[in-house]
Structures are given as structure tokens and as C-alpha cells.
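These are comments on the model shown below. Please read them alongside the coordinates.

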Amino acid sequence: MPRRPPGAKGSRSSDRLPDVREQISSASKVVVKVGSSSLTTPQGTIDVDRVDALVDVLAARRRTGTQIVLVSSGAIAAGLGPLGLTARPRDLATQQAAASVGQGVLVARYTSSFARYSLRVGQVLLTADDMMRRAHHANAQRTLARLLELGIVPIVNENDTVATDEIRFGDNDRLAALVAHLIHADALVLLSDVDALYDGPPSRSGSRRLSEIRGPEDLVGVELGKNGAAVGTGGMVTKVQAARIATGAGVPVVLTAAAHAAQALSGADVGTYFHPGGRHPGTRLLWLAHATTGRGRLHLDQGAVEAIVGRRKSLLPAGVTSVEGEFAAGDPVDLCGPQGLVVARGLVNFDATEIPGLLGRSTRELASALGPEYERELIHRDDIVILEAHN
């Protein structure tokens, strides 16, 4: 398909849109994400009519044979009313308490609404920590696959009740993009209270809807709002970031308002369509790059940086100059070059307390002095992801 002329953003040309959006209308497995503001009243209670309207659309698509995974925000928001709170709490403990109360309210509402169509739902709560551990990651993948095989509609949310600041996805937009990759979805639809991506604030006269985004060049000069709704955590920035994650994994994305869900799923020219890219990174590496934060830092010499970034080698103790932070074996750590720039992230094989005694020494020397269990990499190349934004 030919590219647009330079500077042509958001073309609404009718001779191309039906072709590209057919990827959405013909998708056999779709992840749909809906934000808190699209499900709740300003007081924080569940809006039954809004939930039912969304379920009506999803059930209709489900009847065509499409498998649907719903990533739904709203647990904390749904817990505000029952707890007598008038706004989203700022402290983590109260957020977790609200999520504990609200998650039950939210799933009960979905259960009742989908039952109108004889469809069952299954609750899946995830944390970023779950997804960066090999066994947990594989279990999540198997669970979602089996639910879909059984005809269940999985309702996915971040496990706000137990997640800490260090192991949070941060927003369900990013979680939805990662789930889309995890289940090998054919499409991702992000629903919010904004009908599309615009090149400026939608309320400002002259702002234009961008109907297509083919790559980063189409976002040059676009003003992205940073704040989400009062009951949510996201904003347009998080949605564009989620679209980047998904399209980078080969999954097309449509961003639009919840009121346009039916049109979006049918491939109509609503919202903003993000074209998928050609790269298909391994699932675990995608989670490592986007669903984790480094628990510590390993500072590398230039030779180690070149070996990891340029030749995709494992990290050996001889290439590390210093270590920061407290972490355990299996935790994600950031890898920094001589100037302190983060170039990669990996799952480390040793505790932070062990590493200083290993630095600058060969694995053969370490095995001779400390035992055969030390004749291994600090981080295996299969557990390292290059953070391209920092290169």
C-alpha cells in the first residue's frame, strides 16, 4: 500500500480505509479495553446502562464466532461509592481497599450483563510481577487460552489489591496491549471517553482528527494530553504508548470512544487506526520491556555494552563495573553504559549482595574459586531486552 505524501496526517481517503480496517472487522480474536470513565458515574458507581451497552456490542461480535478478551478498568472507581469516597484516593493502601470492594461489584455487573446472552465470564487479575516470571507468565497465557477455548469471555484487570508501585502496569491501556500480544490477538480496540486522537486538544477550534497513524512520523507535532479522567489513571499519552506496544508486536489498533464500539469493531471509519509494524518480538521480552521496571542497575564497560546491544550476547561478570540497588535472583535490572544511559533490561541470575564479589572476573575463574554454580552468565541473552528508545 502506498505511503501518504510527507506531512499528510490522518487521511480520511475512502479508497484505503476499508482495506486496512478490514483487519479489525475480520479479526477472529480481539482484545477490547474500556476505561473507568466509560463505565462509571461521576460519583464512582457503576453505570448499569453503559455496561449493558458495551456488553450488547461485544456479545453481538461474539455471536459471529470472534473470541473476545475484555480488559476492563473500573475496580477502584466502582469501590468509591460503597466506601463513601468522593474521589480516587491518592495513597496506595486506600486504592487497594477500593479495588478489593470494587472488583467484586464490577465482575458481578459483567456476569449479569453477559448472562443476558447466555455468555459466561471469567475474572483474570494480573500484576507486572506475574508476567516477568517464566512460570507465572506461561500460566497466564495458558489460562487465557483455555478460557477462550471453553467459550468464556475473560475479564482482565490489573490486580490493584496486591500490586505495589514497583510492580504495577500503571494503566490498563498498556496492560491491554501486552495481553493482545500474549494471546496472539488479531486486533486491539481501546475505548475511552475521547472519540479519536487529534493533532491538538479536541476542544480547541481547528484540531483535526487523525484517522490513521502509520508510524512515529505521523505523531510529530501532535499534542498529547497527559491527564486521564478523575476516576482513572490513563490519558492520551498512555493510549498512544499502548498502541505503539501493540503495533510493534504486529497487532493493529483502533482508538475511539466507547459509544463508537460497534462501528470500530465493524471496521468503520471512526476513531484512529494505528497500522501494525513488521516486528514480532518474543512475548516475554515484550513484557520485560514494557511491564517491568528495573529493581536495580548494573553499570557496564563499553565492551559489554557493544557485546549486548550490537551482538546480542549474554552479560558476563567481567563486563560489569558496579552495581546499584537491592534485588534478588530473577528480578529485572537495568543495564547502563559508561555514561549512565540505560541501554537494556534483563532478568539477573544472582542477588545484589553476591554480585560485587564477581565483578571483573571470568566465569572460569569464579567456578574454580567458588564452585561450578558460578560458571554462568549474570544475565543470559534470552533474558535481555534492548531498550531501543535509549539507544
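**Notes on the predicted model**

1. Contact means heavy atoms within 4.5 Å. The protein averages a pLDDT of 83, and 84% of the residues score at least 70. Residues 1–18 are also below 50, with 36 contacts in the model beyond near neighbours in sequence. Where pLDDT is low, the predicted coordinates should not be read in detail.

2. On conventions: this is a predicted model, in which local features need pLDDT of at least 70 and side-chain atom pairs count only at pLDDT 80 or more, while totals for chains, interfaces and linings use all residues. Residues are numbered from 1 along each chain as its sequence is written, and side-chain values use heavy atoms, with hydrogens and water left out.

3. An open sheet of 8 strands runs in the order β3-β4-β2-β1-β5-β7-β8-β6, and its pairing is mixed. Strands (E, at least two residues) and helices (H or I, at least four) are DSSP runs numbered from the N terminus; two strands pair if DSSP finds at least two bridges between them. The edges are β3 (121–126) and β6 (212–213); each has a single partner strand, so one side of each is left without a neighbour in the sheet. β6 pairs with β8 (residues 272–274) in the parallel sense over 2 bridges. Isoleucine 213 has phenylalanine 274 in β8 as its bridge partner.

4. Helix α2 lies across β1 (29–34), β2 (67–72) and β5 (187–192), at about 155 degrees to β2. Axes are lines fitted to C-alpha atoms, for helices over the stretch in contact, and angles run from 0 to 180 degrees between N-to-C directions.

5. α2 (residues 48–62) also packs on α4 (residues 92–115), at an angle of about 50 degrees and with the axes 9 Å apart. That makes α2 oblique to α4; angles under 35 degrees count as roughly parallel, over 145 as roughly antiparallel, 65 to 115 as roughly perpendicular and the rest as oblique. Val48, Val51, Asp52, Leu54, Val55 and Leu58 in α2 meet Arg109, Tyr110, Ser113 and Phe114 in α4. By class, the residues of this contact are 7 nonpolar, 1 polar and 2 charged. Here Ala, Val, Leu, Ile, Met, Phe, Trp, Tyr, Cys and Pro count as nonpolar, Asp, Glu, Lys and Arg as charged, and the others, Gly among them, as polar.

6. The axes of α7 (residues 172–182) and α8 (residues 236–248) come within 8 Å and cross at roughly 10 degrees. The two helices, α7 and α8, are therefore roughly parallel to each other. Asp173, Arg174, Ala177 and Leu178 in α7 meet Thr238, Lys239, Ala242, Ile245 and Ala246 in α8. This contact has 5 nonpolar, 1 polar and 3 charged residues.

7. Another open sheet has 5 strands in the order β10-β9-β11-β12-β13, with mixed pairing. Its edge strands are β10 (320–325) and β13 (384–386). The twist averages 25 degrees from one strand to the next. β9 (residues 296–300) pairs with β10 in the antiparallel sense over 5 bridges, and arginine 297 stands opposite glutamate 324 in β10.

How values were computed:
pLDDT = per-residue confidence, 0-100.
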